[in-house]
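Welcome! Here is a short briefing for someone meeting this structure for the first time. Take a look at the sequence and the model, then read on.

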Amino acid sequence: MSSRMLPVPDGLDGMRVDAGLAKLLGLSRTVVAELAVAGDVLLDGRPAGKSDRLVAGSLLEVSLPEPDAPVDVVAEPVEGMTILHEDDDIVVVDKPVGVAVHPSPGWTGPTVVGGLAAAGLRISTSGAAERQGVVHRLDAGTTGVMVVAKSEYAYSVLKRAFKERTVSKGYHALVQGHPDPTRGTIDAPIDRHPRHDYKFAVVSGGRPSVTHYEVTEAFRAASLVDIRLETGRTHQIRVHFSAMRHPCVGDLTYGADPVLARKLGLSRQWLHARKLGFAHPSDGRWVEFTSEYPADLAKALEVLRAES
């Protein structure tokens with residue numbers, strides 16, 4: 001661990017510890033929150049919680065972990081990953097289940113970045129070494145369409161588009177029960193789960209998170225929902241529907257019924273990135289890409305339709 005001491009500048013007076021310190025040190029709010037929970041953030045010598053307020057002129061002392069060694073990108077073909085579109089600026093892929101977007105500590109499975117490298121595709125060198133070209137992510141257990149930047153210019157344009165929410169992100173999810181109303185918006189802040197750091201939760205003071213949804217087909221025990229994301233938080237759809245007591249079918253991490261999951265042959269959450277639309281970095285024209293349901297998700301729907 002290394003320690004840094006610094007006074008709170010006037011511009012951060014009254015700001016939450018996690019937000020202010022993230023700004024000050026260039027870290028993510030999640031990382032700062034974890035440091036605060038671990039007691040590694042002191043304000044005038046006293047441990048500071050992530051939601052405590054900063055006071056101008058106070059002395060901050062932060063114990064920072066040593067940076068992790070970079071994770072190597074292993075070029076290996078990814079079975080089932082298809083390229084939907086490729087040009088000089090972007091490559092759009094249909095990501096299969098069980099594939100992470102990029103390498104990370106502890107992940108030993110295949111990655112999108114590794115699969116593209118194995119296919120001989122050159123992607124942008126912007127971003128951390130193991131995340132080069134990556135402008136957004138899907139969970140390893142979530143399938144569907146995603147874009148990776150090939151040129152440096154495309155990387156900066158797409159990063160800005162995702163940040164400014166000008167990208168159209170459409171998902172389909174099979175959720176337990178029947179959401180009421182059948183069409184609506186979930187506007188609830190998300191942050192790390194207060195007790196289980198491997199998952200997220202709706203938390204007061206978390207990051208603003210907005211999910212628009214509409215039920216398109218209803219079954220006895222579940223509903224097929226068309227979703228448009230306004231924001232793009234980690235596990236956002238899974239967290240929001242779990243908070244509504246309508247978790248994604250098969251999503252045992254967020255409270256799904258294991259009996260229903262087994263009945264439908266699901267070993268992961270029924271969640272699919274169906275459509276992705278954005279202004280093409282090269283000329284600004286609107287492009288849109290669609291991914292069909294993979295076999296396990298399609299089969300689960302067949303079972304439900306057969307009994308309805």
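Which residues are buried in helix 1 (residues 17–25)? They are Val17, Asp18, Gly20, Leu21, Ala22 and Leu25, where buried means under 20% relative accessible area, exposed means over 50%, and partly exposed lies in between, using a 1.4 Å probe and protein chains only. Just after helix 1, Gly26 takes a positive phi of about 75°.

This is a predicted model, in which local features need pLDDT of at least 70 and side-chain atom pairs count only at pLDDT 80 or more, while totals for chains, interfaces and linings use all residues. Residues are numbered from 1 along each chain as its sequence is written, and side-chain values use heavy atoms, leaving out hydrogens and water.

**Overall build**

- The chain has seven helices and 15 strands; these are DSSP runs numbered from the N terminus, with helices being H or I of at least four residues and strands being E of at least two.
- Along the principal axes, the C-alpha atoms fill a box of roughly 65 × 45 × 35 Å.
- Of the contacts in the chain with a separation of 6 or more, 63% are between residues 24 or more positions apart; contact means heavy atoms within 4.5 Å.

**Surface and charge**

- Of the 308 residues, 47% count as buried.

**Nonpolar cores**

- The largest nonpolar core has 46 residues, of which Leu116, Val147, Ile227 and Phe278 touch the most other members.
- Such a core is a set of buried Ala, Val, Leu, Ile, Met, Phe, Trp, Tyr and Cys residues joined through side-chain atoms within 4.5 Å.
- Not counting residues up to four places away in sequence, Val147 touches several residues, including Ile90, Leu158, Phe162 and Phe278.
- A second, separate core has 17 residues, among them Val32, Leu35, Leu43 and Val62.

- Val215 lies in strand 12 (residues 210–218) and is buried, with a relative accessible area of 18%.
- Leaving aside neighbours within four places in sequence, Val215 is in contact with Pro179, Thr182, Ser223, Leu224 and Val225.
- Val215 and Leu43 are 172 residues apart in sequence and 48 Å apart in space, C-alpha to C-alpha.
- Ser267 sits in the loop between helix 6 (258–263) and strand 14 (271–279) and is exposed, with a relative accessible area of 74%.

**Backbone details in loops**

- Asp180 and Pro181 are joined by a cis peptide bond with omega of about 10°, and Pro181 lies in the loop between strand 8 (168–176) and strand 9 (183–187).
- Asp44, in the loop between strand 2 (41–43) and strand 3 (46–47), has a positive phi near 55° and is partly exposed at 43% relative accessible area.
- Arg165 is not a glycine but has a positive phi of about 60°; Arg165 lies in the loop between helix 4 (152–163) and strand 8.
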